[in-house]
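Thanks for coming. I will go through one model this morning, helix by helix, and stop at a few residues on the way. Please have a look at it first.

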Amino acid sequence: MTIAEVSEKFKLSQDTLRYYERIGLIPPVNRTKNGIRSYTEEDCKWVDFVKCMRQGAGLPVEMLIEYVGLVQQGDDTLQTRKNLLIEQRNRLADKIEEMTSTLTRLDGKIVGYEQTILQKEKTLKTPVE
């Protein structure tokens, strides 16, 4: 796939894809004789993974760069990679718990406003016809 196709598929700009490759968020992408990036299915899986981890989970770039580097080092890093993912999972779970608590608090405030509005509406006079 070309960079344009990958950009469209994952809704990421071509500049973002180049940046991801340049800083090591995704492994180097093969190029044609003319120097044009040619993304394989494996490359696309990396793009999808990084997009999910960055946008969905909010993982830091530095952690993902470390993870990709460990993958490239081979199976000797399996436990280290697993530990990194567990650590990030725990951070995400804490964040979800915090956000759930905030959502519950906001819901309570909204209910309070709805009750206040209903009480105010009850005190209004009905129009005379």
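Let me start with Arg54. Setting aside neighbours within four places in sequence, Arg54 is in contact with Tyr20, Leu59, Pro60, Val61 and Leu64, where contact means heavy atoms within 4.5 Å. Arg54 lies in helix 3. Helices here are DSSP runs of H or I with at least four residues, strands are runs of E with at least two, and both are numbered from the N terminus. With a relative accessibility of 29%, Arg54 counts as partly exposed. The scale is this: buried is under 20% relative accessible area, exposed is over 50%, and partly exposed is in between, using a 1.4 Å probe and protein chains only.

Two remarks on where the values come from. This is a predicted model, in which local features need pLDDT of at least 70 and side-chain atom pairs count only at pLDDT 80 or more, while totals for chains, interfaces and linings use all residues. Residues are numbered from 1 along each chain as its sequence is written, and side-chain values use heavy atoms, with hydrogens and water left out.

How do helix 1 and helix 2 cross? Helix 1 covers residues 3-10 and helix 2 covers residues 14-23; their axes come within 9 Å and cross at roughly 105°. Axes are lines fitted to C-alpha atoms, for helices over the stretch in contact, and angles run from 0 to 180 degrees between N-to-C directions. That makes helix 1 roughly perpendicular to helix 2. The classes are roughly parallel under 35 degrees, roughly antiparallel over 145, roughly perpendicular from 65 to 115, and oblique for the rest.

On the helix 1 side, Ile3, Ala4, Val6 and Ser7 meet Gln14, Leu17 and Arg18 of helix 2. The residues of this contact divide into 4 nonpolar, 2 polar and 1 charged. Nonpolar covers Ala, Val, Leu, Ile, Met, Phe, Trp, Tyr, Cys and Pro; charged covers Asp, Glu, Lys and Arg; the others, Gly among them, are polar.

The loop between helix 1 and helix 2 contains Lys11. Its phi is near 55°, a positive value in a residue other than glycine. Lys11 counts as exposed, at 65% relative accessibility.

Back to helix 3, residues 41-56. At 1.5 Å a residue its 16 residues should span 22 Å, and the end C-alpha atoms are 21 Å apart, which agrees. The expected span is 1.5 Å times one less than the number of residues. Asp43, Cys44, Trp46, Val47, Val50, Lys51 and Met53 are buried in helix 3, and what covers the buried residues includes helix 1, helix 2 and helix 4. Just after helix 3, Gly58 takes a positive phi of about 70°.

Next, the rings. The structure holds 4 aromatic pairs. In one of them, the rings of Trp46 and Phe49 have centres 5.9 Å apart and planes at 85°, so the pair is edge-to-face. Rings of Phe, Tyr and Trp (its six-membered ring) pair if their centres lie within 6.5 Å; planes under 30 degrees apart are stacked, over 60 edge-to-face, and the rest tilted. Trp46 and Phe49 are 3 residues apart in helix 3, about one helical turn. Trp46 is buried at 12% relative accessible area, and Phe49 is partly exposed at 23%. Together with Tyr67 they form one aromatic cluster.

Tyr67 brings us to helix 4, where the buried residues are Val61, Met63, Leu64, Tyr67, Val68 and Leu70. These pack against helix 2, helix 3 and helix 5.

Last, helix 5, residues 78-123. It has 46 residues and reaches 67 Å from its first C-alpha to its last, close to the 68 Å expected at 1.5 Å a residue. Which residues of helix 5 are buried? They are Arg81, Leu84 and Gln88, and they pack against helix 4. Gln88 is buried at 7% relative accessible area and, not counting residues up to four places away in sequence, touches Leu59, Pro60 and Met63.
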